[in-house]
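Please keep the sequence and the model in view while reading the numbered points.

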Amino acid sequence: MATEHIVVNCNINGESQTFLANERDSLLEALRDRIGLTGAKEGCNNGNCGACCVNMDGRIVNSCLVMAAECEGSEIRTVEGLAMGDQLTPLQNAFLEQAALQCGICTPGFLVAAEALLEENPDPSEHEIRYWLAGNLCRCTGYDKIVKAVQQAAGQSIV
Amino acid sequence: MQAVKYARAESVEEAVRLLQEGGEGARPLAGGTDVIVQARERTRDIDLFVDIKHIPELIGIDYSDDSGLTIGAARPCYQIYGDATVQEKYPILVDSTSLIGGTAIQGRASLGGNLCNSSPAADGIPSLIVLEGQVEIAGPNGRRTVPVEDFCTSPGRNVLGSGEFVVSMSFPAPAAGSGARFLRFIPRNEMDIAVTNAATQLRLNGDGSVAWARVSIGAVAPTPLLVSDAAEALVGRPLSEDSIAAAAAASRDAANPIDDMRGSIRQRVHLAGVLTERTIRQAAERAA
């Protein structure tokens, strides 16, 4: 059965957007292929890796597991919406200072997920950080530097 | 991705109609964390998603001391473990909903979806069984109610007929002196599928004897199991090393697992006993 293009109205990174998507598109496909926001990455495309993590209506989701058609009326925040122009967020700066990335594929997902953690819990324990980020996989840097970057962004002293 | 169409239902009646018109290829969509993957990987033939999570009854949560707890089938996990009433009166639901997937999955995945996906290893279902959950089903012939332990019929299959979907799950208010616990064994700390899981609810009399109990084990049979023999080993006497060991033995006897990449038959049978014992002890701590 053929599917048709649909019109989706939503708010992305603070701006109202109206875009065309194929009815079968995931939010990840719509962001990358229809809207040109390629920050969210396709890793596993089945909800295991977290590279496509975005914030939807205040909660992080795997955008590969959201249909674009579901986003009608939603507020979406992606990694592109974190920095204000050249002004990185404290978390983004901490990722640079702690060298919390190597190849960078997982980084947008980690940043979106960790920003959501710090919004909900500004002073998380190491256990809470690791538990919250368990759905984000990194295959090169390892997790210690990422956890330290989140701790630094939370204003914690880093051992 | 298969050529899937999308329709948003605003009422139970509209969802029933859309699913009926859509026929065999129509599937309800709540959090989508299983069904979108199944459509993409073509493990199910799906050509229509009927989005049911904008129906108030499907997303709500309601508690009263008279009628107990009702959770809409599409309510995401984080809105269950984050609910103050659930935390106070049904901490076993916090146990299970807080370890289904990672944070991003919990933002979408629902207990109703976990039930309808009907995996033998589902981490939501044993808790629903020991809480005496009743599943409210809507369909072309109206509504019906099925006990959770009768809902799954084989791996990935359940009692839902054509055009039917789960509206909500309901649980009695917890009786005084009762406590419940769910545990899962996985070889890492989080984000994995159960090798074995187990849940126990029990109620203690004032003299410390067990007035009532329910034990359920998962990932050890084609469906999550209610183990009546384990409960019988506990009821009518004080909790003791002997009665707990008898209940654990009953769970090992009930287990009928397969060997696969997650665990061997021998390990799963052993774990059914271990997790039964631990959930009994920890349910009793919560009951005290």
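Against which strands of chain A do the buried residues of α1(A) pack? The points below begin with the basis of the model and then take up this matter.

1. Basis. This is a predicted model, in which local features need pLDDT of at least 70 and side-chain atom pairs count only at pLDDT 80 or more, while totals for chains, interfaces and linings use all residues. Residues are numbered from 1 along each chain as its sequence is written, and chains are lettered from A and ligands numbered from 1 in the order in which they are written.

2. Helix α1 of chain A. The buried residues of α1(A) pack against β1 (5-12) and β2 (15-22) of chain A. Helix α1 covers residues 27-35, and its buried residues are A:Leu27, A:Leu28, A:Glu29, A:Ala30, A:Leu31 and A:Ile35. A residue is buried if 20 or more other C-beta atoms lie within 10 Å of its own, exposed if 12 or fewer, and partly exposed in between, with C-beta atoms placed from the backbone. Helices (H or I, at least four residues) and strands (E, at least two) are DSSP runs, numbered from the N terminus. After α1(A) comes A:Gly36, with a positive phi near 85°.

3. Positive phi without glycine. Most residues other than glycine have a negative phi. A:Asn13, in the loop between β1 and β2 of chain A, has a positive phi of about 50° although it is not a glycine. A:Asn13 counts as partly exposed because it has 17 C-beta neighbours inside 10 Å. A:Ala99 is not a glycine either, and its phi is positive at about 50°; A:Ala99 lies in the loop between α2 (90-97) and α3 (107-120) of chain A. With 12 C-beta neighbours inside 10 Å, A:Ala99 counts as exposed.

4. Domains of chain A. Chain A is assigned domain 1 (5-79) and domain 2 (90-153); such bounds come from an automatic or database domain assignment. The C-alpha centres of these two domains of chain A lie 21 Å apart. Their contact takes 14 residues from domain 1 of chain A and 11 residues from domain 2 of chain A, where two residues are in contact if their C-beta atoms, placed from the backbone, lie within 7 Å. On the side of domain 1 of chain A that touches domain 2 of chain A, the largest share, three residues, comes from strand β3 (residues 53-56) of chain A.

5. Contact between the chains. Chain A contributes 24 residues to the contact and chain B contributes 23 residues. On the side of chain A that touches chain B, β4 (59-62) and α4 (126-132) of chain A each supply at least two residues, and the largest share, four residues, comes from β4(A).

6. A sheet in chain B. Three strands form an open sheet in the order β1-β3-β2 (chain B), with parallel pairing. Two strands pair if DSSP finds at least two bridges between them. β1 (5-8) and β2 (26-29) of chain B stand at the edges with a single partner strand each, so one side of each is left without a neighbour in the sheet. Four bridges join β1(B) to strand β3 (residues 48-51) of chain B, and B:Tyr6 stands opposite B:Phe49 in β3(B).

7. A residue with contacts in both chains. A:Ala113 touches A:Gly50, A:Cys53, A:Ile60, A:Trp132, A:Leu133, A:Asn136, B:Thr103 and B:Ala104, not counting residues up to four places away in sequence.
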